[in-house]
Amino acid sequence: MKGDLVVLRLGFVLLSFVLMAGGVLSIRLPDRISEAGKDPTMNQPLKTAVFALGSFWRSEAVFGCLNGVVRTTVGYAGGAKTNPEFRSLGDHAECVQIEYDPKLVHFRQLLDIFWSSHDSRQVFGQGPDVGNQYRSIIFTNGTEEARLAAVSKEREQTKSRSSIVTTQIQQLGTFYPAEPEHQKFELKRNPFLLQLIGNLPEEELARSSLAAKLNGYAAELCPPNIQRQIDVKIDDILKKGWPILREV
Ligand SMILES: *[C@@H]1O[C@H](CO)[C@@H](O)[C@H](O)[C@H]1NC(C)=O
């Protein structure tokens, strides 16, 4: 068989592209068929965090690439309107919901990323995105998270007294997931990457850790070392003519 001839065989589907806990990308060959397609996060006790920091397209990309983040979803929270929609979100803010493995990433680290990924002193928006829906909010669940959020906000404020940190700290109420077209928005703008993971249907895209990571990669918002690792892996896969990337 010619090396550059792409042969699609069922066996390829069993090849799995996984982002390992340490952030190392690797290809894994399951030794039993029954292992293919198994969700490694199924028995993992995950925690959930929600942040508002401007456009939720960007917010999802910022958090999706972090080690320990299993799933991301964009949506609306922080307001009173029931069943908000993109065109009528009422008093809600655009948010990202992050499902993470607390053994791999701590709420404190998520807070650090939150602060370093937007301008918390900007009033009524972020950059070109102007409006109440782009306000800065840390949602907390329980007294410990509320305490950590308050401490981190104080620390942020002491960095400079030239302006006020506008970030609100709110108890997490209902999170309303946004419409499908807003989920993994950065990834969806990249047909090449979408094709590389097999043009997953919407429901799978929504739940996929790989899609969350590649969404950050597509926006070039992964930490530089992870951005490079994914670059290398994709180059490698292109050279080998491997048709589909799948996670288990
Ligand atoms: C808040 O935390 C508790 C305990 O970890 C969890 O059971 C609950 O689902 C969380 N609530 C929300 C809204 O995430």
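**Entry 1: the chain.** I first looked up the secondary structure of this predicted model, and I found nine helices and 10 strands in the protein chain. I then looked up burial, and 35% of the 248 residues count as buried. For the contacts with a separation of 6 or more, I noted that residues 24 or more positions apart account for 72%.

**Entry 2: the sheet.** I asked in what order the strands of the open sheet stand. Six strands form it, in the order E9-E8-E3-E5-E4-E10, and the pairing is mixed. E9 and strand E10 (176–177) stand at the edges with a single partner strand each, so one side of each is left without a neighbour in the sheet.

**Entry 3: the core.** Which residues of the largest nonpolar core touch the most other members? In this core of 48 residues they are Phe51, Val69 and Cys95. Among the elements that give two or more residues to the core are strand E3 (47–53), strand E5 (93–100), helix H3 (107–116) and helix H9 (224–240), while the largest share, six residues, comes from H8.

I then looked at phenylalanine 51 on its own, leaving out residues up to four places away in sequence, and its contacts include Cys95, Val96, Phe114, Ile137 and Phe139.

**Entry 4: helix H2.** Why can I call H2 largely enclosed by the rest of the structure? Nine of its nine residues are buried, so the rest of the structure largely encloses this helix. Among these buried residues I wrote down Trp57, Arg58, Glu60 and Phe63, and I saw that the buried residues of H2 pack against E3, E4, E5, H3, helix H5 (185–188) and H8.

**Entry 5: the ligand.** Last, I looked up which residues are around the ligand, and they are Thr48, Asn141, Gly142 and Leu172. Sorted by class, this shell has one nonpolar residue, three polar residues and no charged residues.

Conventions. Residues numbered from 1 in each chain as written. Predicted model: local features only at pLDDT ≥ 70, side-chain atom pairs only at ≥ 80, totals over all residues. Helix = DSSP H or I, 4+ residues; strand = E, 2+ residues; numbered from the N terminus. Buried ≥ 20, exposed ≤ 12 C-beta atoms within 10 Å, placed from the backbone. Contact = placed C-beta atoms within 7 Å. Near = placed C-beta within 6 Å. Nonpolar A, V, L, I, M, F, W, Y, C, P; charged D, E, K, R; others polar. Core = buried A, V, L, I, M, F, W, Y, C linked by C-beta atoms within 7 Å. Pairing = 2+ DSSP bridges.
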